[in-house]
Amino acid sequence: MKKIVISTGGGDAPGLNAVIYAVTKSAYQRGWEIYGSKSGYRGLLDPDELIRLTPEKVEDIMPLGGTILGSTNKGNPFAMPVENLAGEIQTLDLSDRIMRNFRRLGFFCHIAVGGDGSLEIAHRFAQEKGMPVIGVPKTIDNDLEATQRTFGFDTAVSTATEALDKLHSTAKSHDRVMVVEVMGRDSGWIALNAGISGGADVILIPEIPFDIELVCQKINDNELRDKHYAIVVVAEGAKARGMKKAVCKKNCELGRDGELLGGIGEWVAEHIRKLTGKDTRSLTLGHLQRGGSPTTFDRLLALRFGGAAVRMAELELFDHMVALKTPDMAAVPLAEAVKGRKKVEVNSDKLLTAREIGICFGDNN
Ligand code: F6P
């Protein structure tokens, strides 16, 4: 009987359990045995951390957020930080141990669900160790070039939009500016989609370096139109013109006295406060955007990714990643899949519409 193993790596995204559900059910239909590796590669390092997956076991998991297998973005099996007996951190290459277990346990395929980091590791296993790997893309940021969409994004945008809807009434009641920082380290997809749908006045994204004076001008213009509040949405990777690096937590800057500065949302709020004199508050939606039940769109996409991954396993299309190429699923070589970052197109219809309805991006357009 054929045996496959599935793992989930990197930050979680709503829809991971739907992928596990689809992989388990469709592999089972083919008479295969399915195992889940806990916390990325942990199950392949220690077989006690492997879970046997059956249709009964996954029956109720599809609408659940997170991943029943657990995920991790700590450590790359090719260079894993491990504490030795003296309490020192050493870096160990565990890839051969993983490969030995993979072969000994008789797996014929590993379905690796993950973001760019996890997919790069999967590709390395395929290239350097000969592991038959199939990748499934996952990121709420929707910034993988090789696929038109990733699951988790739609849910994150819905969560952020709902938050913006709620902030309108409190901002209006207090004549305040509310600055909302959303996820998106390298791209502004969440900020753009949620900002437009949630009626933002200003959207700041990494693709368009912004001028804080222009942002303040927009807020002052609101006043002239008798609108005394404003909603500003900022992607965590957005940068003001001239800023050398993003003020985001991943990449954070230290203040003059060595203190940890907040994210870009706080930076923007602080400047709006100073330059407009408006009562301004900032909040960071953070991991709220990664939690909760996946939307119907994300469930369906995740199920389709899972189904396509099993079909690719059957065809032995290894070292490839499943990708959405509307209306179908495509197999993209992992080598290509991990290369490109999908950025917001600054001349797209979406941007144009946003500008036409009066949203400011902090630039001169
Ligand atoms: O890559 C997805 C993402 O949600 C980014 O937008 C964000 O910067 C990051 O994960 C946060 O990850 P962590 O779980 O390490 O805080």
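Colleague: In this predicted model, what makes you place Asp116 in a helix, and which one is it?

Modeller: Asp116 belongs to helix α5, whose run covers residues 116-129, and a run of helical residues is counted as a helix when it has at least four residues. The residue is also listed by UniProt, in an unreviewed entry, under "binding site".

Colleague: Why is Asp116 called buried?

Modeller: Asp116 has 21 C-beta neighbours inside 10 Å, and the cut-off for a buried residue is 20 or more, so Asp116 counts as buried. When residues up to four places away in sequence are not counted, Asp116 touches Leu144 and Val338.

Colleague: Where does Asp141 sit, and what does UniProt list it for?

Modeller: Asp141 is found in the loop that runs between β7 (133-137) and α6 (153-174), and the unreviewed UniProt entry gives it as "active site", although such annotations may be inferred rather than shown by experiment.

Colleague: How do you know whether Asp141 is buried or exposed?

Modeller: The count for Asp141 is 27 C-beta neighbours inside 10 Å, to be set against a threshold of 20 or more, and therefore Asp141 is classed as buried. Leaving aside neighbours within four places in sequence, Asp141 is in contact with Met183, Gly184, Arg185, Ser187, Trp189 and Ile190.

Colleague: Which residues are closest to the ligand, and how many surround it?

Modeller: Twelve residues surround the ligand, and the closest are Gly11, Thr139, Asp141, Met183 and Arg185. By class, this shell holds two nonpolar, five polar and five charged residues, and at least three of its residues come from each of domain 1 and domain 2.

Colleague: What are the bounds of domain 1 and domain 2?

Modeller: The domain assignment gives domain 1 as 3-151 + 294-326 and domain 2 as 153-290 + 345-356. Their centres, taken over C-alpha atoms, are separated by 34 Å, while 14 residues of domain 1 are in contact with 14 residues of domain 2. On the side of domain 1 that touches domain 2, the residues divide into five nonpolar, four polar and five charged.

Colleague: What makes β4 and β5 a pair of strands, and in which sense do they pair?

Modeller: Strand β4 (residues 80-83) and strand β5 (residues 89-92) share four bridges, where at least two are needed for a pair, and the pairing is in the antiparallel sense. Pro81 stands opposite Thr91 in β5. The two strands form a hairpin with five residues between them, and in the turn Gly87 has a positive phi of about 80 degrees.

Key: Residues numbered from 1 in each chain as written. Predicted model: local features only at pLDDT ≥ 70, side-chain atom pairs only at ≥ 80, totals over all residues. Buried ≥ 20, exposed ≤ 12 C-beta atoms within 10 Å, placed from the backbone. Contact = placed C-beta atoms within 7 Å. Near = placed C-beta within 6 Å. Nonpolar A, V, L, I, M, F, W, Y, C, P; charged D, E, K, R; others polar. Domains from an automatic or database assignment.
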